[in-house]
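Please look over the sequence and the model before reading on.

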Amino acid sequence: MQENKGLNKLTNRDFFKGDVKIIRKAKPGPVVFIVTNGLGAIEAVIKDSDFNVGDVVYLEGQVNEHKGRTQIEIQKIQKSIMDFDTIMLQKAKPLRTTFSINSDRYEKMKPVMVSIASRIRASILKGQPIMIRHHNDSDGFISGMSLEMAIVHFMKDQGIDPKFLLFRSPSKAPYYASGDVLRDLVLSKRFVEEDNSDLKPLIIVCDNGSTPEDAFGLAILKTLGYESIVIDHHNPVEIDENGVTSVDKYLVDHLNPYKLGLDSKTSAGQLCYEIARMICENFELNLMPAVAGISDRCDTSETAQYIELTGKDKEYLGKIGTAIDYMSYQLKHDAGKGVFEQLFENYDFVLLINDEVRKGFENQLQCALPYLRSQEINGINFSVIDLEKYTMRFTYPGPGAVLSRVHEVAAKQNESLPSLTIGATEDMFIVRASQPVLPVQDIIDQLQAKYPYANVDGGGHEMAGAIRFVGAHKDVLIEEIKNILKSKTATFSIAE
Ligand SMILES: [Mn+2]
């Protein structure tokens with residue numbers, strides 16, 4: 001066998017001698033190790049052994065085929081003093097560190113992206129399980145799926161079986177809620193038992209994770225000794241002049257454009273896609289960042305470049321995003337493995353779902369629009385609709401999507417003014433604005449200050465977000481939002 005050759009390239013009747021690291025150990029029965037030389041992995045079998053995951057050993061043995069699998073039959077195993085960590089660290093460096101498009105924004109974020117890609121590659125190489133949690137919308141699914149696809153690709157290239165090593169799931173709440181964190185902990189325990197490994201999974205949170213709402217969940221993970229990474233583009237709300245956010249102290253890496261003085265206009269799906277390309281230099285699926293950017297309304301030159309790469313138009317791609325949102329709604333907590341992938345492969349499936357979604361919107365809007373109330377306050381077209389009363393519950397599209405459409409209609413009705421639309425449910429306001437006339441966070445801060453007993457909470461982008469509160473105070477809070485608008489002294493101009 002030649003040097004610098006991955007162990008997964010060994011073939012029947014080779015004789016192996018060399019230093020390896022144990023990345024998995026399976027019992028009972030004979031001990032089956034998965035060992036790697038940093039370039040590729042292979043099974044190595046012995047009757048019994050006290051060596052464990054993480055140990056570096058010197059091996060000698062015949063390579064044989066057993067039930068269709070190539071294995072080293074260990075004849076000699078002993079402790080090795082080789083510095084494997086240095087070799088693995090070297091190997092973890094991405095082979096590709098260029099982007100699929102030209103972007104000054106990306107260049108600014110590159111060091112963090114390369115660092116995250118290296119860390120994920122290092123986890124794969126040492127057999128550390130990886131758990132991906134992502135927002136349950138189109139951009140969030142694309143974030144999680146692009147990382148997942150690249151990781152699977154890289155694992156297979158290395159001869160590593162992704163089973164028990166990779167897990168992805170959507171979050172129900174628009175943040176990494178403690179319930180999801182605890183569920184992940186239970187699942188991670190199962191990983192470790194299957195694996196006989198004492199390596200705790202690496203947790204990756206995408207399109208969520210940057211705000212104070214995420215802090216409790218991420219603090220739990222840190223306290224229990226887990227490594228977590230956040231890749232997000234939502235406004236972190238709490239961020240100091242050095243770009244340090246409220247969650248940074250719980251993380252090993254945190255990519256968020258705001259940390260580098262940028263904004264939410266680069267979607268998490270686009271960030272994750274570029275990191276995915278660095279994890280595996282053979283991974284490419286440019287439909288993903290194009291759809292993610294369109295779904296999250298990121299009107300940037302980056303999105304335009306991605307669209308161009310696909311050779312499709314915005315409408316065609318937008319329909320894939322719509323279909324992802326629909327499936328996410330129907331599948332709830334389910335990762336939908338194998339089904340979401342179809343949306344990037346079978347466009348008839350996309351069209352079929354879009355037809356259903358169109359009918360659903362028509363229905364919901366027919367119910368809601370007659371009850372939309374608009375008024376001009378201080379140069380702003382302010383509209384309110386009671387989504388609880390005037391839409392069908394548990395029916396797609398849900399209140400957030402319906403409110404977006406209602407807002408579009410409200411904005412069209414009075415195009416000369418900036419529009420702010422609020423959709424109210426029992427204990428939540430969904431907010432949409434055509435311009436950043438009154439950022440959602442400002443509303444939250446002011447309501448919190450004046451009505452502490454309403455327990456106002458929430459978050460979002462500058463022009464879209466959600467505000468939760470104790471239901472009894474709903475009407476008072478709506479009136480207060482109107483007062484906030486009335487008392488604003490600034491006049492707003494229409495953006496060109
Ligand atoms: Mn997003």
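## Basis of the report

The model is predicted: local features need pLDDT of at least 70 and side-chain atom pairs count only at pLDDT 80 or more, while totals for chains, interfaces and linings use all residues. Residues are numbered from 1 along each chain as its sequence is written.

## Domains and their contact

The domain assignment, an automatic or database one, gives domain 1 (7-82), domain 2 (93-345) and domain 3 (367-487). Between the C-alpha centres of domain 2 and domain 3 there is a distance of 29 Å.

In domain 2, 10 residues are in contact with 6 residues of domain 3; contact requires C-beta atoms, placed from the backbone, to lie within 7 Å. On the domain 2 side, helix H9 (residues 314-331) supplies the largest share, 4 residues. Helices (H or I, at least four residues) and strands (E, at least two) are DSSP runs, numbered from the N terminus.

Two strands pair if DSSP finds at least two bridges between them.

S15 is joined by 4 bridges to strand S16 (residues 464-468), and the two run antiparallel. Gly458 stands opposite Ile467 in S16. In general, strands of a sheet pair through backbone hydrogen bonds.

Technical notes: Contact = placed C-beta atoms within 7 Å.
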